[in-house]
Amino acid sequence: MAKIKLPSPITILMIVIIIAAFCTWLVPAGKYNTLANNKNKNFTLTTTDTTKSLAFTQAVLDSLHLQINIEKFENGDIKKPISIPGTYKKIAANKQGILEIIQAPLKGIYDSVDIIFFILVIGSFMQIFSLTGAMEQGLASLSNKMNGQETWLIVVLTFLFSFAGASYGMAEEALVFYAVLVPIFLKAGYDLIVPVAVIFGGTQLGTLASFSNPFSSIIASNAAGINWKDGITERLIMFALTTIITIWYIVKYAKKVKQNPSSSYAYLETKADQNNILATNNDTNYQILSNKAIAQLLIFLATFLTMIVGVIWLNWWLLEMSTLFIVAAVLVAIINKINEKTFITEFVKGAEALLSVAFIVGVARGVTIMLNQGNISDTIVFYAAQAVSTMPAWLFIISIFLLFIVFTLFISSSSGMAVLTMPIMGSLAMLVHVPGREIVNAYLFGMGIMGFITPTGLILPSLAIVNVSIKAWLKFITPLLLILILVCIACLLIGINLQ
């Protein structure tokens, strides 16, 4: 019996775009009024019919039943337009057709140009750095030192990626680590799923248990009208608990694959790619790194440390990070006396290597664009909110958690999800006597769970980098997700009883 092969990532995303377009013919169109900050001068109120300016005061926020302190707007904590509770209104349908379906991925690429450029620059930097040979020496040396202790490498790295995701929101920037870690894990006897589980799984786990991520927990708390530190103890406990569970699961799988390679869910993919990936390490056994290699690796490390410092303390984002990697690539070329022609050729070659990944990110954004163009994003939120508003507290919070899992299929942006849903969900929580912190937790947990598998997130680009099928990933991740779902539900149920 022939095995079922799933389509390629871009094909999967196009199917989702078509489904989203079909929904615009079935789901009534509607919009909430929105309020946006106009450079701290005034508020811009946008309705279905008009746009007008309002005074930039706390009284205006109170009159609109937005439980948000004006300081959140003044400080730039809330940058996107906020949906105003109780203002949903049906509007004329804007049904999406064939032309819109074709244009959606193109618009998604336009809309994602900053992320796409960052991904291409990452590829260029890694290609230039690979010319030095320092990476191969470093990997071989690390493999020798970690021989027999690779389990600890999984433990430490998964924790670090999870911490980075939970603390400051590491996501796209983690893509650069695949080139470094894939050869190490393959040489240790693991398969291609292990580095995806450690890198992508770690950062995505950080989304689920975010305790200080400004793009999720902080902006969602602000939009819900609560202090982001409200519930931080609970989130820290969840961070520790879910990270321990995930590390245990990855280590258990990795050991099974090492003992029996054919038990790998990605056995054929790993077998096909392993010889090519490890080819540069087969003939060399670096017991001691050269001084030049050490210096190159220090530049590599300094680049990433600078990126982390910039994101956390200097408010850097994709433009600044892209600039950093371009400067680092030029610095490496100067130190290694790489001539101009070779530098340009290899720089472009590196970008080409991640072009498919960049396209996947852009096409994924097309799903959200399709829903927004069809004016059904707000409708989905409105009817979902109506359905849960009369439930008892325990059923309400579980339903909100499940709704956020569904919402994440269509809206993968954590900040976009927060400003769209938190004002409405926060108001409903007050009616059913559920603490605001638990609404934020339900949002985090729901996005965190679905983020592991949603095609509109970073899983497809991550799998494309290592050439692993989505089918293999689903086989690996499903049991872990079931465990994490039960942990999340238990946490939410305990949380609503700790008034």
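Predicted model: local features only at pLDDT ≥ 70, side-chain atom pairs only at ≥ 80, totals over all residues.
Along its principal axes, the C-alpha trace spans about 70 × 45 × 45 Å. The radius of gyration is 24 Å. For 499 residues, a compact globule would come out near 23 Å, so the two values agree.

The accessible area of the protein chain is about 22100 Å². Carbon and sulfur atoms account for 65% of that area. Now think of the inside: 54% of the 499 residues are buried. Next, look at who touches whom. Take contacts between residues at least 6 apart in sequence: 80% of them join residues at least 24 apart.

Select residues 355-373. This is helix α16. How far apart are its end C-alpha atoms? They are 27 Å apart. Is α16 largely enclosed or open? 14 of its 19 residues are buried, so the rest of the structure largely encloses this helix. Then step on to Asn375, which follows α16. Its phi is positive, near 55°.

Select residues 150-168 next. This is helix α7, and Val156 is found in it. Is Val156 buried or partly exposed? Val156 counts as partly exposed because its relative accessible area is 43%, between the cut-offs of 20% and 50%.

Conventions: Residues numbered from 1 in each chain as written. Heavy atoms only, no water. Helix = DSSP H or I, 4+ residues; strand = E, 2+ residues; numbered from the N terminus. Buried < 20%, exposed > 50% of the residue type's maximum accessible area, 1.4 Å probe, protein only. Rg over C-alpha atoms; globule rule 2.2 N^0.38 Å. Contact = heavy atoms within 4.5 Å. Areas by Shrake-Rupley, 256 points an atom, 1.4 Å probe, with all protein chains shown as cover. Expected span 1.5 Å × (residues − 1).
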